[in-house]
Protein chains: 2
Amino acid sequence: MHASKIVVSEKLDAIAGFWEPGIIAELNGQKVMLAKLLGEFVWHHHEHEDELFYVLSGKLTLEFRDRTEVLGPGEMLVVPRGVEHRPVAREEVHLMLFEPASTINTGNVENGKTVRDPPRI
Amino acid sequence: MHASKIVVSEKLDAIAGFWEPGIIAELNGQKVMLAKLLGEFVWHHHEHEDELFYVLSGKLTLEFRDRTEVLGPGEMLVVPRGVEHRPVAREEVHLMLFEPASTINTGNVENGKTVRDPPRI
């Protein structure tokens, strides 16, 4: 539990790799994470968790089975539980995520991008 | 529940008054709110809710009984449940808040700044 301030840009500097989220805050059973993205993620959904994507820099494409949304800096989207989605970063994207502490990044899929226990950064 | 993108700057334009938060997203029993602040709020705490302050523009002073934190754009702080605090905006501040849907802005205090049912904006 943080009671002192968190400088998001400094926390971003602490993330080395793409698709390797780090936790910057936890509250009310939720976690706030930062991630750097480049390339294509995997199609997945989260059975019980809604997931908030908030773009800090770059352009994030969120693909759904029936449409695509492109988010720029200062834009967010909540993917409701159960909805299949695939994040795609055609350029480097810096992202803030807000979701339950229990959420696993690849949801119902397990693959090389699965991170079960993101570090606290 | 939003499944389309939310442009934070547009939502800020929809807020007319200071200390009048508006809800831009709800997920997992939590709400995401925006607020414009100017001046001094009231000392209060939240009995059961941690509260995340994320500054979008301006400088937000968060006073605690034993110290003060000043947050600029891109900086955040989680005030743990039970901890007395007072937000002070010596200049106009635009703020994002993450907290449980049940949270009332003035916590244990009821006064002219209490907003029991913030609008969805």
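**Exercise 1.** What do the side chains of E110(A) and R116(A) meet in?

*Solution.* Two conventions come before the steps. This is a predicted model, where local features need pLDDT of at least 70 and side-chain atom pairs count only at pLDDT 80 or more, while totals for chains, interfaces and linings use all residues. Residues are numbered from 1 along each chain as its sequence is written, chains are lettered from A and ligands numbered from 1 in the order in which they are written, and side-chain values use heavy atoms, leaving out hydrogens and water.

Step 1: E110(A) and R116(A) meet in a salt bridge, 2.6 Å from N to O (a side-chain nitrogen of Lys or Arg within 4 Å of a carboxyl oxygen of Asp or Glu).

Step 2: E110(A) is exposed, with a relative accessible area of 55%, and R116(A) is exposed at 54% (buried means under 20% relative accessible area, exposed over 50%, partly exposed in between, with a 1.4 Å probe and protein chains only).

**Exercise 2.** Is R86(A) buried or exposed, and which residue does R86(A) form a salt bridge with?

*Solution.* Step 1: R86(A) is buried, with a relative accessible area of 15%.

Step 1: The salt-bridge partner of R86(A) is E63(A), with the closest N and O atoms 2.9 Å apart. E63(A) also counts as buried, at 13% relative accessibility.
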